[in-house]
Amino acid sequence: HGGINYTEDGIRYLRGQSVTEQGLEFIDERYISIEDHTRMIRAEVIPGDVLLTIAGSIGNCCVVRGVERANINQAIVKIRPSVSIDSDYLSIFLNSRYGKFQINRLANGAVQLNVNFTEVGDIQVVVPSLEIQSSLVAEIEAARQIKTQKLAQADKLLSNLDVYLLDLLGLSITQESDRGVFAIRVSQIRSKLDSYSNQPRFRRLFQNLQSHQLPVKKLKFIATDIFSGITPRSGGDAYTNQLEGIPFVRSGEITKDGMVSDNNAIFIKPEIHDVLMRRSQLQEGDLLIAIVGATIGSVGVYNRTTPANINQAIAVVRLDSSLVLPNFARWFLSSPIGQSILDYFKRPVARANINLEEIGEIPILIPSLEIQRSVVEQIERTRLEMRKLRQEAETNWEAAKTLFEQRLLGEK
């Protein structure tokens, strides 16, 4: 797949991170031209194909849905099932312990695990009748729906929290306008000259903040440091395995509730962390802001004491905790008000981005530390409820998969 030129639109180009057990996730979307698509026609996928990751986070599997046609990169193998096997059944089987066990046995590689795609054909699959396959799929899909509902309930808690806390601070959400044409006086133009950044909704947003009774300060005035990271050369000797390496945090690992996932997929060598990337080492309490691509605007707080590092898609704001609590700043920037502020700073180009200087210009509301602590306590209570719902969702899901595997043994 060498020599690919990404385009602003065209044919969707799927990479390993797009394939999850729950289905395709179009993260940091990439597109290729019709010409490149035609040149790589063997890598074309269509609805009903089963995709399996064979590099990086190996063993993730799903059925192609939500896209008419796409291309895959070398981290994915496509499987087009015969008439004797249902696509959903095959995907569920490959995601089961029996599928994972065989895939893991095929994996090799000292730094990054991978599977030779020709060996995928040697995976043995239990194939009951289509009627039984349909029954098993229906049971799993029912469990998947329950999981989806519980996760939606968790997300609603987060939304309700935003409404409550914004009201507590006397803030209202600026409504977006769908007007395509508007006028602005020269005196009203802020530091950015493009039409997107001068929309009336942004003017109202900053006017409301500036007129608020509580202090508003830019991040550069309440931070002791603002920095970003780098990405060592792909395929080089900077990377290692989980046991020997330092977690390399990427923007996709900032979770919905503002934490940093501990399921890191990539690890760098300690000497890289200590020398080449010494400037971007994380500390507990660092505020993380995604500044590039599809995850732009995601905000989290590094909540661990163990060493970690970041790439250039994340900006770190190391706050003066005598002025602002990291978790308060995290919530404010994740709220609808904060997301509108971050939206203002995004460059309206093919791949949105915010630079470090602009990060320093971001204004946030600074109530007293007492109020901030009250807000953080409410956030933590909501987080506990969310974790409970998500744990229930995961427990029910795992029970359904176990039942699937037991039924398979019975049929076998």
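Guide: One cut-off before we start: a residue counts as buried when its relative accessible area is under 20%, as exposed when that area is over 50%, and as partly exposed in between. Keep in mind that this is a predicted model.

Now go to Lys-401. Its relative accessible area is 14%, so Lys-401 is buried. You'll find this lysine in helix α11, which covers residues 369-411. One of its partners is Glu-21: the two form a salt bridge, with the closest N and O atoms 3.1 Å apart. Glu-21 belongs to the loop between β3 (19-20) and β4 (23-24), so this pair ties together parts that lie 380 residues apart in sequence. Glu-21 itself has a relative accessible area of 22%, so it counts as partly exposed.

Stay with Lys-401 and look along the helix. Its side chain also meets that of Glu-398 in a salt bridge, at 3.5 Å from N to O. Here both residues lie in helix α11, three residues apart, or about one turn of the helix. Glu-398 is partly exposed, with a relative accessible area of 35%. Elsewhere, salt bridges with shared partners join Asp-155, Lys-256, Asp-257 and Arg-390 into one network.

Zoom out for a moment and the whole structure holds 21 salt bridges. Another of them pairs Asp-343 with Lys-346, where the closest N and O atoms are 3.8 Å apart. Asp-343 is buried, given its relative accessible area of 13%.

Asn-309 has 0% relative accessibility and so counts as buried. Its side chain makes a polar contact of 3.0 Å with the side chain of His-273. Beyond its close sequence neighbours (up to four places away), Asn-309 also touches residues including Ile-246, Pro-247, Phe-248 and Met-277.

Finally, the nonpolar side of the picture. The largest nonpolar core has 46 residues, and Leu-219, Ile-289, Phe-332 and Ile-364 are those with the most contacts inside it. Apart from that one lies another core, of 25 residues, with Leu-90, Leu-136, Ala-400 and Phe-404 among them. And that brings us back to where we began, since Lys-401 sits in helix α11, residues 369-411.

Note on methods:
Residues are numbered from 1 along each chain as its sequence is written. This is a predicted model: local features need pLDDT of at least 70, side-chain atom pairs count only at pLDDT 80 or more; totals for chains, interfaces and linings use all residues. Side-chain values use heavy atoms; hydrogens and water are left out. Buried means under 20% relative accessible area, exposed over 50%, partly exposed in between (1.4 Å probe, protein chains only). A polar contact is a pair of N or O atoms within 3.5 Å; within protein, one must be able to donate a hydrogen and the other to accept it, and residues adjacent in sequence count only if both atoms are side-chain atoms. Contact means heavy atoms within 4.5 Å. A nonpolar core is a set of buried Ala, Val, Leu, Ile, Met, Phe, Trp, Tyr and Cys residues joined through side-chain atoms within 4.5 Å. A salt bridge is a side-chain nitrogen of Lys or Arg within 4 Å of a carboxyl oxygen of Asp or Glu. Helices (H or I, at least four residues) and strands (E, at least two) are DSSP runs, numbered from the N terminus.
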